[in-house]
Amino acid sequence: MGTLIIVGLIALIVIIFALTGLKIIQQGETKVIERLGKYHSTLSSGINIIWPILDKPRKIYVRFVREGYDGENRVVVRLSDKIDLREQVYDFPEQSVITKDNVTTRINALLYFQITDPFKAVYEIDNLPNAIEKLTQTTLRNVIGELELDETLTSRDTINSKLRAVLDEASNKWGVKVNRVELQDITPPESVRDAMEQQMQAERERRAKILKAEGEKTSAILQSEGEKESQINKALADKESQILMAEGEARAKILQAEAEAEAIAKIADAIKGTQSDPAAYMLAVKYIETMKEMVSGKDTKTVYMPYEASSMLSSLGSIRDLFDKK
């Protein structure tokens, strides 16, 4: 009976040791082990063995989101002996901040961080989630307080970079690496939003007027250029027409002169061998044609002839001699 009791006690001790001494750590997690209240080791993923009663995991505060009965998510902070080494996201509630131009604005932010040194996360800070939240809120107020409202609304990337740099430097001693910070919503007061909407409406109307004016200006320029080009084309056409007309008149005069020259040459050949002068003959013919026109009127009773015509009429005798010879 005594032997069975001893065996039972040994078996119980083994079972207790197996339950409390064997620690299975999931990948991406760790535990900080204290032996008799003093730091002893940091467990890695896999199977680890500790001494029951002597070794004990140190608990820290962790923050997680739990869905409530009403379907809304609630942030819960509790003690846990597991330390998550993966990247974590904290979604902070909206908070009121005052810009440089004294405008109260509501802003909420997202923080992405990762525990890189479990020892510092346990022993350098008491409540890590609360410390990170308060540090983020104060840093956000300081950064926004240096900017005016317009800069706050248009410089999110700049604000995110400043927040990340300040938070990463401040949380480094806690064994935390801040990867990035994102501003979700920036909500100015309703009066400011109304003024911004009116300003945007006025800006849109101004741009519409500018576009309309530019369109009318472009249309007027194109119309003016079209009229100018049309006038230039018309002037060129008129000039070409005048040139062609002048060339035609010149050609007609040349042809007329060539015809007269040819006629004179033929007359000279016809009266060759006589005493008549071809020039005098042509002049006499012109006088005869002129006198014919002078006496052709209906009411003409008296004809005045120049004195020089008597000398020119003497050339008629030459014409008579020419016909007599022929």
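**Salt bridges, core and surface of a predicted model**

Me: How many salt bridges does the count come to in this predicted model?
Reply: The rule asks for a side-chain nitrogen of Lys or Arg within 4 Å of a carboxyl oxygen of Asp or Glu. One of the pairs is Lys 177 with Asp 168, at 3.3 Å from N to O. By this rule, the number of salt bridges is seven.

Me: How many residues apart in sequence are the parts tied together by Lys 31 and Asp 81?
Reply: The side chains of Lys 31 and Asp 81 meet in a salt bridge of 3.4 Å, N to O. Lys 31 lies in strand β2, whereas Asp 81 lies in the loop between β7 (73-80) and β8 (83-84), so the pair ties together parts whose separation in sequence is 50 residues.

Me: Are Lys 31 and Asp 81 buried or exposed?
Reply: The term buried requires a relative accessible area under 20%, and exposed requires one over 50%. Under these cut-offs, both Lys 31 and Asp 81 are classed as buried.

Me: Which residue forms a salt bridge with Arg 35, and in which strand is that residue?
Reply: The closest N and O atoms of the pair are 2.6 Å apart, and the partner of Arg 35 is Asp 55. The pair links distant parts of the chain, 20 residues apart, with Arg 35 in strand β2. The partner and its strand are therefore Asp 55 and β5 (residues 55-57).

Me: Why does Asp 55 count as buried while Arg 35 is partly exposed?
Reply: The cut-off for buried is under 20% relative accessible area, and partly exposed lies between that and over 50%. Arg 35 is partly exposed because its relative accessible area is 29%. Asp 55 counts as buried because its relative accessibility is 6%.

Me: Which element supplies the largest share of the largest nonpolar core?
Reply: The largest nonpolar core has 32 residues, and those with the most contacts inside it include Leu 111, Phe 113 and Trp 174. At least two residues each come from β6 (60-67), β11 (104-115), α2 (118-123), α3 (128-145), α5 (156-171) and β12 (176-187). The largest share, seven residues, comes from α3.

Me: Which residues does Phe 113 touch, leaving aside those up to four places away in sequence?
Reply: Phe 113 is among the residues with the most contacts inside the largest nonpolar core. A contact requires heavy atoms within 4.5 Å. With residues up to four places away not counted, Phe 113 touches Arg 86, Glu 87, Gln 88, Tyr 90, Ile 132, Val 176, Lys 177, Val 178 and Asn 179.

Me: What is the area of the nonpolar surface patch that includes Leu 22 and Leu 36?
Reply: Strands β1 (22-25) and β4 (46-49) each supply at least two residues of the patch. Leu 22, in strand β1, is partly exposed, with a relative accessible area of 41%. The patch is made by Phe 17, Leu 22, Ile 24, Leu 36, Ile 47, Ile 49, Trp 51 and Leu 54, and its area is about 890 Å².

Me: What is the phi of Leu 36, and what is that of Asn 102?
Reply: Leu 36 is found in the loop between β2 (29-35) and β3 (38-43), and Asn 102 in the loop between β10 (95-98) and β11. Leu 36 is exposed at 68% relative accessible area, and Asn 102 is exposed at 65%. Neither is a glycine, yet phi is positive: for Leu 36 about 55 degrees, and for Asn 102 about 60 degrees.

Definitions and conventions. Residues numbered from 1 in each chain as written. Predicted model: local features only at pLDDT ≥ 70, side-chain atom pairs only at ≥ 80, totals over all residues. Heavy atoms only, no water. Core = buried A, V, L, I, M, F, W, Y, C linked by side-chain atoms within 4.5 Å. Buried < 20%, exposed > 50% of the residue type's maximum accessible area, 1.4 Å probe, protein only. Helix = DSSP H or I, 4+ residues; strand = E, 2+ residues; numbered from the N terminus. Patch = residues over 30% accessible without salt bridge, like charges linked within 9 Å, V, L, I, M, F, W, Y side chains within 5 Å. Areas by Shrake-Rupley, 256 points an atom, 1.4 Å probe, with all protein chains shown as cover.
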